[in-house]
Amino acid sequence: MIMGKRQLLIHGSELFLFGLLAAIPGFINNPYALGLLTLLAIYGILLIGLDVTVGYLGQVNLAQVAFLGLGAYTAGLSVTLLGMGMVPALLLSLVVGLVCGGLLAFPSLRLEGPQFALGTLSFSALTTTILNEWESLTSGAQGLSIVRPPLFGMHLKAQGFYWLCLGLLALIWFFMKNLLSGQWGRAFEALRDSPIATDAMGVGCFRYKVAAFAFGSSLGSLAGGLYAFNFLYLQPQSFTYDLMVILLLGVVLGGRKSLWGAVIGAMIIVLLPNLLSNRFLFHLFAAVGLTLAVVAAVRGRLHKTTPWFQALAPVIAMGLLLVGGFMIGNTEDWRKAIFALMLFSVVVGLPEGVMGFVGRFFSRLLRMAPRTLPISAPLEVVLPQLSPGNQPILTIDALQRHFGGVKAVDGISLSIRSGQIHGLIGPNGSGKSTVVNVISGLYPPTQGKIYKNGTILPTGSLYRVALNGIARTFQNLQLFGELSALANVMVALRGMYRTPFFFILLGLARSEEQKAASHAMALLELVGLAGKSATPAKDLTYGDQRFLEIARALARRPELLILDEPAAGLSRPDIRQLMHIIRKIHQLGVTIILIEHHMDVVTALCDHVTVLDGGKIIAEGTPQAIKRDPKVMEAYLGEIPAVQQEQAEEGAC
């Protein structure tokens, strides 16, 4: 019943939005207002595509305005030169954006942060220059005039074209809602939080990045085609810096990772030019913005939830906007400075955007109950019992890993037997973490080979190693902080997601999603986190985050599980729970490599222990024998007294 109420509210609000937008032309017969509504629908499509990169991947994409221009000129030229109809021209625009976006993604997405922004900015500048200078094709600065082609034999007037743009916006809304609410959306968000963990979970970091960027770019180009058929005249200078900043402002102000945010952002950027041209509206907007910033700052400081900078910066920025509005003669001449101040205020003071704030407000107002938790599947279905044969599952042959002149791993050879808990210990700097980083594919080996079940294991690729049945946790936690505990596990599930891409867009993967949620709940129950499945990973306690990382690794159904110092920083009760979890995993037949400094944990859990020092093996054997080994004692304690040396030798005998 609760789920029905929630879904009714969500779907009802969406139907109300599009129903209202579709009905407006019946009440308003103003060509200018109809033009603004058409531009709103076009920019809505454009911002949905931009939000894939900005909101989900967390990258500042300055190339979307270039794809808008490419799509516009592709549609315009296909009609002018090739005589295409509207549908083929729009499809060609979409394909051009998809291809060019994919080609740009390969070099750009190897960059991060400012470098990525500069790479996409360079592409935008190059695109504008080509459109401007290639006069024989684009007519350059003189502009390209277009005639709107018929749609299936019908010549659309302004009202009909608006409904076409609105219908495409609704269709893309439906497709993107299905896509981003499932595994694709989780993968995009996981990439933003930890690309390393995304590869280690077998998701495939780079391919999802390229797919996300190309898909968002194709929507930008489709919007460009509609833009061309709306204005019927194109100039390269329409797709420059000013529009680029406005688009970013729309995404951030409307709210990232939100289809509603994209439409709200589109409304804002459509109204901005009118806002700047009317001084009264501009002053009113600045005054309201300043009032809201002051109220938010006072409330945040009284409740001690907002740092001083985050509280004061928007107040100062909106104050400058209000005062400056009275001092300058023409606000349109200062549009770049105005946009910059608005963008700064939103990024600092309202990082979740308008829809983030509105969503929290209505959740409290309507007292929306949280989603009901999925019923967990039987654990034996999620993690089928393995039958270890006490044969070597992993064989390391003369492994070396050098960092410049430092030999972190220096000729190690060892075997990990199936079904065992194999301890890997040593003092700090001994090379044990480097060994597992090479095994898992984080580092390529300098020399040597690694075999899994007698077959050479791929090296230098977390993704390919993960596909070979090896999962791992990290010494420094690599969780997807913005995702819930349940989503963290769901994103890593192996062999679960088989629905074709087009069927996902149509919303035909819901049964698969329900099954995945049930499997993830079983793994959360295994580590004691079923009651916290809806909690974002960043809000869990440190111990729970450690347990969540183990559950996520188990979602890969590994034959070999590598635990890199899982007890580091845990309290004694959490360590006891950790040991209980490891024993349960071992009972399922999973082979475990355990790197640990807590010797009581190693002694209690491990069947066999290998000790490293200086990148070399200095001892191997049972935990009891290792504890008495003189070389091990010397590695941990330094030079040991003669009495202890004699006692150790007597104990060994």
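This is a predicted model: local features need pLDDT of at least 70, side-chain atom pairs count only at pLDDT 80 or more; totals for chains, interfaces and linings use all residues.
Residues are numbered from 1 along each chain as its sequence is written, and side-chain values use heavy atoms, with hydrogens and water left out.

The domain assignment, whose bounds come from an automatic or database source, gives domain 1 (36-273), domain 2 (282-294 + 304-368) and domain 3 (382-482 + 540-647). The centres of domain 1 and domain 2, taken over C-alpha atoms, are 26 Å apart, and 16 residues of domain 1 are in contact, that is, with heavy atoms within 4.5 Å, with twelve residues of domain 2.

How much area do domain 1 and domain 2 bury between them? The figure is about 1,300 Å², 77% of it on carbon and sulfur atoms, where buried area is the accessible area (1.4 Å probe) that two parts lose on being put together, summed over both. In domain 1, Leu249, Val252 and Leu253 lose the most area to domain 2, together accounting for 36% of what that side buries. Helix H11 (241-254) and helix H12 (259-277) each supply at least two residues of the side of domain 1 that touches domain 2, and the largest share, nine residues, comes from H11. Helices here are DSSP runs of H or I with at least four residues, strands are runs of E with at least two, and both are numbered from the N terminus.

Let me turn to the sheet. Six strands form an open sheet in the order E8-E9-E10-E5-E11-E12, with mixed pairing, where two strands pair if DSSP finds at least two bridges between them. The edge strands are E8 (470-472) and E12, each of which pairs on one side only.

Strand E5 (residues 421-425) pairs with E11 (residues 608-613) in the parallel sense over four bridges, and Ile425 stands opposite Val611 in E11. E11 and E12 (residues 616-621), by contrast, run antiparallel and are joined by five bridges, with Glu620 in E12 as the bridge partner of Thr610. These two strands form a hairpin with two residues between them, and Gly614 in the turn has a positive phi of about 65°.
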